[in-house]
Amino acid sequence: MSGENKRILAEKVFNTLCSAIDKNEWQYDKKDDILTVYFGVKSKDLPIRFVIAVDEERELIRLFSPFNFNMSEGKRIDGAVAVCAASFGMYDGHFGYDISDGSITFKMTASYRNSIIGEELFLYLIFCSCSMVEKFNDQFMAIDKGIISVEEFIAKIN
């Protein structure tokens, strides 16, 4: 596919993303030039932030949900183990972890190559991400605060 056609397709996918967000009346910021939206939703525990980008070159939708806290320096190894354990059983998406600063990000991707993308795909990505972040954010924080051990966390999720 030519570069021009890839851009047209990417913009169509991006417009579908924006339409899905608009229909749910969520507030967001968008950068049309880089085909990216930024927004947040309220959850039971902590706010959940999202960055969703349409990757024109790879024909991918990339969702990132960075956590609102980092694992403290003394808990970074425990954080790495917990993030790996949490990601292991997931059918879709995973947690990314930067051991140098303790940051955690939930990530999902979906290809739109040779596909027709509907708003439902974006809602799936958002709601699935919300579910995973909501399920684990307070548990990761509890490990960081010393409320539970990483061993207790692993026993709980198994």
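What share of the contacts in the protein with a separation of 6 or more do residues 24 or more positions apart account for? Please then look closely at E134: is E134 buried or exposed?

Analyst: The model is predicted. Residues 24 or more positions apart account for 54% of the contacts with a separation of 6 or more. The protein has four helices and six strands, and along the sequence these follow the pattern α-β-β-β-β-α-β-β-α-α. The C-alpha atoms fill a box of roughly 50 × 30 × 25 Å along the principal axes.

E134 belongs to helix α3, which covers residues 119-145. The relative accessible area of E134 is 17%; because buried means under 20%, E134 counts as buried. Leaving aside residues up to four places away in sequence, E134 touches S43, K44, D45 and I48.

For comparison, V81 lies in helix α2, residues 76-88. At 36% relative accessibility, V81 counts as partly exposed. Together with I77 and I99, V81 forms a nonpolar patch on the surface, and the accessible area of these three residues together is about 260 Å². The protein exposes about 8900 Å², of which carbon and sulfur atoms supply 52%.

Notes: Residues numbered from 1 in each chain as written. Predicted model: local features only at pLDDT ≥ 70, side-chain atom pairs only at ≥ 80, totals over all residues. Heavy atoms only, no water. Patch = residues over 30% accessible without salt bridge, like charges linked within 9 Å, V, L, I, M, F, W, Y side chains within 5 Å. Areas by Shrake-Rupley, 256 points an atom, 1.4 Å probe, with all protein chains shown as cover. Salt bridge = Lys/Arg side-chain N within 4 Å of Asp/Glu carboxyl O. Helix = DSSP H or I, 4+ residues; strand = E, 2+ residues; numbered from the N terminus. Buried < 20%, exposed > 50% of the residue type's maximum accessible area, 1.4 Å probe, protein only. Contact = heavy atoms within 4.5 Å.
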